[in-house]
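Welcome! Please take a moment with the sequence and the structure shown here, and then let us walk through them together.

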Amino acid sequence: MYLDDFCQKEVISIKDCRKLGNVYNMEFDSCSGCICQIIVREKCGLKGFFGIGEEICIPYQKIKQIGPDIILVEV
């Protein structure tokens, strides 16, 4: 799976079913090549038309499931 594939997925919190945004970037461990965390950008306003919100860093351990369209996280 490529970063571009991740960026198209919606990230959703399983605690409150809130849409957090889309994956913006990832941080990798330089030695192992494994993902350390994903970086999600919040959407502001009506469907994100009024700008981009803050970045949320989610550790890879908090990812509960990666589906074809969404990523479920526990934050």
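A residue is called buried when its relative accessible area is under 20%, exposed when it is over 50%, and partly exposed in between (1.4 Å probe, protein chains only). Please keep in mind that this is a predicted model, in which local features need pLDDT of at least 70, side-chain atom pairs count only at pLDDT 80 or more, and totals for chains, interfaces and linings use all residues. Residues are numbered from 1 along each chain as its sequence is written, and side-chain values use heavy atoms, with hydrogens and water left out.

Let us begin with the overall layout. The protein chain has 1 helix and 6 strands, and along the sequence they follow the pattern α-β-β-β-β-β-β. Helices (H or I, at least four residues) and strands (E, at least two) are DSSP runs, numbered from the N terminus. Of the 75 residues in the protein chain, 27% are buried. Contact here means heavy atoms within 4.5 Å. Among contacts in the protein chain between residues at least 6 apart in sequence, 30% join residues at least 24 apart.

Now look at how some strands sit side by side. Two strands pair if DSSP finds at least two bridges between them. Strands β1 and β6 run parallel and are joined by 4 bridges; Ile 12 has Leu 72 in β6 as its bridge partner. With β5 the sense is antiparallel, and β5 and β6 pair over 3 bridges. Here Ile 66 has Ile 71 in β6 as its bridge partner. β5 and β6 form a hairpin, with 3 residues between them.

In a regular strand the side chains alternate between the two faces of the sheet. In β6, Ile 71 and Val 73 make up the covered face, while Ile 70 and Leu 72 make up the uncovered one.

Where do the covered side chains lead us? Ile 71 and Val 73 belong to the largest nonpolar core, which has 11 residues; the others are Phe 6, Val 11, Leu 20, Val 23, Met 26, Ile 38, Val 40, Ile 58 and Ile 63. The elements that give two or more residues to this core are β2 (19–28), β3 (35–43) and β6 (70–73), and β2 gives the most, with 3 residues. A nonpolar core is a set of buried Ala, Val, Leu, Ile, Met, Phe, Trp, Tyr and Cys residues joined through side-chain atoms within 4.5 Å. Take Ile 38 as a place to look around: leaving aside its neighbours within four places in sequence, Ile 38 is in contact with Val 23, Asn 25, Met 26, Ile 56, Cys 57, Ile 58 and Ile 63.

Is Gln 37 buried or exposed? Its relative accessible area is 17%, so Gln 37 counts as buried. Beyond its neighbours within four places in sequence, Gln 37 is in contact with residues including Met 26, Glu 27, Cys 57 and Tyr 60.

Lys 9 is buried yet has no salt bridge, and the nearest side chain of opposite charge, Asp 69, is 6.2 Å away. For charge, Lys and Arg count as positive and Asp and Glu as negative, while His and the chain ends are not counted. A salt bridge is a side-chain nitrogen of Lys or Arg within 4 Å of a carboxyl oxygen of Asp or Glu. What the side chain of Lys 9 does reach is the backbone oxygen of Pro 68, at 3.1 Å.

How many salt bridges does the structure hold? There are 4 of them. Glu 42 forms one with Arg 18, the closest N and O atoms being 3.9 Å apart. Glu 42 lies in strand β3 and Arg 18 in the loop between β1 (10–13) and β2, so this pair ties together parts that are 24 residues apart in sequence. Another joins Glu 55 to Arg 41, with the closest N and O atoms 3.7 Å apart; Glu 55 is in strand β4 (residues 52–59) and Arg 41 in strand β3, 14 residues apart. Glu 74 forms a salt bridge with Lys 64, at 3.4 Å between the closest N and O atoms. This pair links the segment after β6, where Glu 74 is, with strand β5 (residues 63–66), where Lys 64 is, 10 residues apart. Finally, salt bridges that share partners join Asp 16, Arg 18 and Glu 42 into one network.

Terms used:
A polar contact is a pair of N or O atoms within 3.5 Å; within protein, one must be able to donate a hydrogen and the other to accept it, and residues adjacent in sequence count only if both atoms are side-chain atoms.
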